[in-house]
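Please read them with the structure open.

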Amino acid sequence: MTSDYHRRLPYGERMSAEPLVGHPFFPFEGDIQVVPLAEPVLPEPPRGGENGEDCWSCAQPDRDVIWRDDQWKLKAVKPSGLPFVAILEPRDHYRLDNLPPELTATLGPTIQRVAKAIQDLDPVARTHFNRWGDGSEHFHLWFQARPLGMMQLRGAMIAAWDDLLPPIPAEEFAANARQVAAALAESGGEAISR
C-alpha cells in the first residue's frame with residue numbers, strides 16, 4: 001500500500017541535482033547525475049538484528065568498544081577521513097522507540113559527554129551526531145568530528161566527506177580513540193584498551 005506522497009514521486013525518472021550543486025556544503029561539482037528513483041519495496045526487508053535475531057552488535061558485544069558504562073558503549077570502528085568517528089549504542093538490544101525510561105534519561109547527558117570528549121581532540125572544531133536507523137535495529141547514534149577550519153564539512157554531507165577524504169593513519173586513530181575513552185572514563189564508566 002502506498003500513500004499520496006508515494007504516488008506523487010517520479011519513479012524511474014532522473015531528477016536534477018541542481019538544488020545541491022553549488023551549495024557550500026555539497027562535495028561535488030560539474031555534471032552530477034542522480035540515479036533514477038526506484039519503486040518502493042513493500043513489505044520492507046528486515047533490518048539487521050530485527051527482533052534481536054542476528055544482531056551483529058549483540059553477537060559481538062565487545063567488538064570495537066573503547067568505552068562503556070552500565071548502560072551505554074562507544075565504538076570506534078576504523079580509521080576514516082575524519083579525525084574521529086564513533087557509534088554510541090545501548091549495551092542491551094533496544095530500538096529508539098522502545099528504550100526504557102531509565103535509559104532514555106541518560107541518553108542526553110551521554111550524548112553531551114561523548115560530543116565534548118571528541119571535540120577536545122586537537123584537530124576538531126565541532127562534533128556532529130546523527131541517527132540513521134535503516135542498517136541495524138539495535139539503536140545507535142553516529143558521532144563525527146568536523147576538523148577545525150574545514151567549513152565545507154559542515155552539515156549533513158560530513159558523512160560523504162568522511163568517505164571521500166583519505167583515512168587518517170591507524171596510530172592517530174588509536175591515539176584519538178584512547179583520548180576520547182579516557183575523557184569519558186573520567187566522569188564514569190571504563191575505558192577499554194584496544
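1. Where does Asn 98 lie? Asn 98 is placed in the loop between strand E3 (85-90) and H3, where helices (H or I, at least four residues) and strands (E, at least two) are DSSP runs numbered from the N terminus. With a relative accessible area of 31%, Asn 98 is partly exposed; on this scale buried means under 20% relative accessible area, exposed over 50%, and partly exposed in between, with a 1.4 Å probe and protein chains only. The C-alpha atoms of Asn 98 and Phe 139 are separated by 9.5 Å, although the two residues are 41 apart along the chain.

2. On provenance, this is a predicted model, in which local features need pLDDT of at least 70 and side-chain atom pairs count only at pLDDT 80 or more, whereas totals for chains, interfaces and linings use all residues. Residues are numbered from 1 along each chain as its sequence is written, and side-chain values use heavy atoms, with hydrogens and water left out.

3. As for the overall fold, the secondary structure comes to five helices and six strands, and from the N terminus on the elements run α-α-β-β-β-α-β-β-α-α-β. The C-alpha trace spans about 55 × 40 × 25 Å along its principal axes, and 35% of the 194 residues count as buried. Among contacts (heavy atoms within 4.5 Å) between residues at least 6 apart in sequence, 62% join residues at least 24 apart.

4. The helix pair H3 (residues 101-119) and H5 (residues 170-185) has axes that come within 9 Å and cross at roughly 135 degrees; axes are lines fitted to C-alpha atoms, for helices over the stretch in contact, and angles run from 0 to 180 degrees between N-to-C directions. That angle makes H3 oblique to H5, since angles under 35 degrees count as roughly parallel, over 145 as roughly antiparallel, 65 to 115 as roughly perpendicular and the rest as oblique. In this contact Arg 113, Val 114, Ala 117 and Ile 118 of H3 meet Val 180, Ala 183 and Leu 184 of H5. These residues divide into six nonpolar, no polar and one charged, where Ala, Val, Leu, Ile, Met, Phe, Trp, Tyr, Cys and Pro count as nonpolar, Asp, Glu, Lys and Arg as charged, and the others, Gly among them, as polar.

5. The count of salt bridges comes to eleven, each being a side-chain nitrogen of Lys or Arg within 4 Å of a carboxyl oxygen of Asp or Glu. One of them pairs Glu 190 with Arg 68, the closest N and O atoms being 3.0 Å apart, and this pair links distant parts of the chain, with Glu 190 in strand E6 (residues 190-191) and Arg 68 in strand E1 (residues 65-68), 122 residues apart. Glu 190 is partly exposed at 39% relative accessible area, whereas Arg 68, at 19%, counts as buried. Salt bridges that share partners also join Arg 47, Glu 50, Arg 95, Asp 97 and Glu 137 into one network.

6. Two backbone features deserve a check. Most residues other than glycine have a negative phi, and most peptide bonds are trans. Asp 64, in the loop between H2 and E1, has a positive phi of about 65 degrees although it is not a glycine, and a cis peptide bond with omega about -5 degrees joins Leu 42 and Pro 43.
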